[in-house]
Amino acid sequence: MTADYRDSVFLPQTDFPMKAGLPKKEPELLARWRAMDLFRRMRERASGREKFILHDGPPYANGNIHIGHALNKILKDVIARSQQMLGKDSNYVPGWDCHGLPIEWKIEEQYRKANKSKDEVPIVEFRKECREFAEHWIGVQMEEFRRLGVEGDWANPYTTMSFAAEAQIVRELLKFLMNGGLYRGSKPVMWSIVEKTALAEAEVEYHEHSSPTIWVRFPVLRSKAQAAVGARIVIWTTTPWTIPGNRGIALKADARYVKLRVDAVAEGALASPGEEIIVAADLAQQVQADAKIERATRLAVFDGADLTDSVCAHPWRGRGYDFDVPVMEGGFVTMDQGTGFVHIAPGHGTDDFELGQTHGLELPFTVAEDGSYYPHVPLVAGRKVLTADGKEGDANGAVIKLLIEAGALLAKGRLKHSYPHSWRSKAPLIFRNTPQWFISMTTNGLREKALAAIDQVRWVPPQGRNRLHAMIQDRPDWVISRQRAWGVPITVFVDRRTGEPLRDERVNRRIADAVEAEGADAWFASEPARFLAPEHDPANFEKVDDILDVWFDSGSTHSYVLEQRPELKWPASLYLEGSDQHRGWFHSSLLESCGTRGRAPYEAVLTHGFTLDEHGRKMSKSLGNVVAPQQVIDQYGADILRLWVVSCDYTEDQRIGPEILKNQAEAYRKIRNTLRYLLGNLAGFDEAERLDQAEMPELERWVLHRLHELDGLVRQGCEDFDFHAVFVAIYNFCISDLSAFYFDIRKDALYCDRPSAKRRRAARTVLDHLFSCLTAWLAPMLCFTAEEAWLARFPGEGESVHLRTFPALPAAWRDDTLARKWAVVREVRRVVTGALEIERREKRIGASLQAAPTIHAGRRHVEALAGLDLAEICITSAARLVEGGAPDAAFRLEDVQDVAVVPGLAEGAKCQRCWQVLPEVGQAAHHDDLCHRCDEAIGSRQA
């Protein structure tokens, strides 16, 4: 009868469960962190260290978080935690963007449901409802962000609607007022008729849109090219409604143009035989086809330069449009489509405006804020370009009809093309000339300062620099005014006598102090005399009612967060957001800071991509492919989401879905099992067991080398924000180097060697180092699991893995020579393992310990294996190494040269404790069914 030696084996002992149960465990850890005030302890532990400040780009407080929020906040948390563990003071202050149109819309929706108009409500009351709405969602989002494991100063977040923030935003605005950068001007801006406000470029998205197209004749009155006089220049446009705003025609100076006489037309054509038209030579054939001109004669050819300075008549000349229409060169004119002539409406486009300014064209006001023509516009007054719900109005039809009546329309059609829309209402936009407040890109050299500042910033990935540089280089002046109610007001008075804004520091101080004490409502609730008296007569000044662009709010956060909190620093170490923020937060922050401080408010900028479903499609409710972070947490736990974030290359668009999450859960399981193995085999470990590196076997010294190597990679990866590389390296180390190699080999020694055995002590010492390193390295990424593992071993009340830093590893651990040697050793082991797999499959052996292979190897491998226990490494009971002379039938691997294996069976009996098959079994002093090692181990335990 065989004795039972199970109690004599040192099996792993740990309460760290194999099944994670993260949805239940994570809230327990969150409660523990709150109870111990972990964030405060982290700050105390880091006091005096070099500061690393990741400044939070504020999310908008108007709904539950989505998967994009989760990616963003987890990535920020991983960076903040990793910098803390690198030995810095990494203080993360979360923030919220609270003002702006989306919240206004939500309140207005509530009004509409109650048949109530916003205009019936006092503005201060309306703003109060907006503030309450934002406060509610800040509370909801805060808990959702914390559930992700994001650690930060949740007790003291920043919001753009706090009184202190609003006051500082006002001060920042008034700096531009005082330095001359702020001015009121008239320019065409992107205008939302639905939302009744100007939109910033960051609030615009482009969708396919169907527009009417028209070809319109402009009679040439005068020209240095005499052959052109009397003919009619043909323009082409997709915005017929802009014809009332026409004040010029642009051409391409180096292009060729032709004068054609129409000889024959098809039925239904608007062209007339005998008339003469001028179009670009390259587009003449297409124009003839579009206008149903069947035959035409070329009468003259012009260089574009010859036609510049020509003067045309407006198609409605004699009906209120009696001004001249000059022809001028436009650098934006192309020969891709149309006629080679572009009609210029300075009030309805950026290119049109700038060309008009260069040539002194009138800048007319034609379209009102509701999308209708002003009453003073001849022929079309009151017609609507777009309706209140964003649908096409009657303006285009009216213009086309009037052009036909005037004999000016050559052709018409429709075109599907990319067109600007509001990112909120999804309604199409128009360019309209409006009085707005601007920050000049040229006054005080703002453009040059911003471009220079860009080159002083570290960009991750590097192409972010070029993207923002191009935007700043080409951008127009910054439109900062919005005609809405929920925001920080443009706290400016305009002198009715001169039209100039009032610049008076005494008034500015009174305004800022009032906002500091009462919030921005003070501006709307107070009479002008409160701020102007006694120095100025209120009757002489107009109080501005517009509010600031919300991008100015968020672009100023550096001034009321970084500069006003002594625990932080200015400039920030890092700004991090999605790649769309090159035109958003990164952009506005750069301009605001360069305009007031002369440099960027950040030392580095990191951008991430967007999240798609696992098939690469954009997520939408209609497709049913939305992955909500709350659902992932409920099913898997937040650490699986965090693992997904660090396993992605976040510089590109990421994918997520059921299969991807399953794969992440499987990867997590393997990492968790590594931690469980370490914990189980470290049970009872104390300092008396610890062994110095010099006394360790080669295998343990190789593991220490790998730890040292990995430590450098982890630290560099954290500095580079390359967590994908960090995670892959740690994961492969756990799976390949540890589970499949080191743990596999050392399981026998850990389970069966006597406690005092040097080999076992060395292994347990290395396991202790592994646990110390892995829990620290994983803590920023898998914050819950690393904490659970740490507390499983060190359960003290004040204990937390997040109060640690990455362990400082001795330089002596690095041994490149040993690493090269063990790379060769692992080649041999791989061939042996392959041979034994075949033996197992063919049922010639049941386990590798039944084997005793003969390994035929070349000189390089034989030298590498010198002094090593080959059977131990291959997990066989015996092994024989022979230099060369392998028989043809020996097992080989194609990618390993000079190694071949001849399987064989081990001789002897099976030790009933360690299961090795050895000749010595039956010869032990005390137990005839054990090997000598196990016999001694049992004796030492009994002793």
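**Close-up views of a predicted model**

**View 1. A network of salt bridges.** Glu700, Arg746, Asp748, Asp753, Arg759, Glu872 and Arg933 are joined in a network of salt bridges, a salt bridge being a side-chain nitrogen of Lys or Arg within 4 Å of a carboxyl oxygen of Asp or Glu. This is a predicted model, in which local features need pLDDT of at least 70 and side-chain atom pairs count only at pLDDT 80 or more, while totals for chains, interfaces and linings use all residues. Residues are numbered from 1 along each chain as its sequence is written, and side-chain values use heavy atoms, with hydrogens and water left out.

**View 2. The pair Arg759 and Glu872.** Arg759 forms a salt bridge with Glu872, and the closest N and O atoms are 2.4 Å apart. The pair links distant parts of the chain, with Arg759 in helix 24 (residues 758-778) and Glu872 in helix 28 (residues 870-874), 113 residues apart; helices (H or I, at least four residues) and strands (E, at least two) are DSSP runs, numbered from the N terminus. Arg759 is partly exposed, with a relative accessible area of 23%, whereas Glu872 is buried at 19%, where buried means under 20% relative accessible area, exposed over 50% and partly exposed in between (1.4 Å probe, protein chains only).

**View 3. The pair Glu698 and Lys821.** The side chains of Glu698 and Lys821 meet in a salt bridge (2.8 Å, N to O). Glu698 belongs to helix 22 (residues 698-719) and Lys821 to helix 26 (residues 816-841), so this pair ties together parts that are 123 residues apart in sequence.

**View 4. Helix 4 against helix 5.** The axes of helix 4 (residues 101-113) and helix 5 (residues 123-147) come within 9 Å and cross at roughly 110°, the axes being lines fitted to C-alpha atoms, for helices over the stretch in contact, with angles running from 0 to 180 degrees between N-to-C directions. That makes helix 4 roughly perpendicular to helix 5, since angles under 35 degrees count as roughly parallel, over 145 as roughly antiparallel, 65 to 115 as roughly perpendicular and the rest as oblique. Ile103, Glu104, Lys106, Ile107, Glu108, Gln110 and Tyr111 in helix 4 meet Phe126, Glu129, Cys130, Phe133 and Ala134 in helix 5, contact meaning heavy atoms within 4.5 Å.

**View 5. Lys19 and Arg669.** Lys19 is placed in the segment before helix 1 (22-36), and at 73% relative accessibility Lys19 counts as exposed. The C-alpha atoms of Lys19 and Arg669 are separated by 8.2 Å, although these residues are 650 residues apart along the chain.
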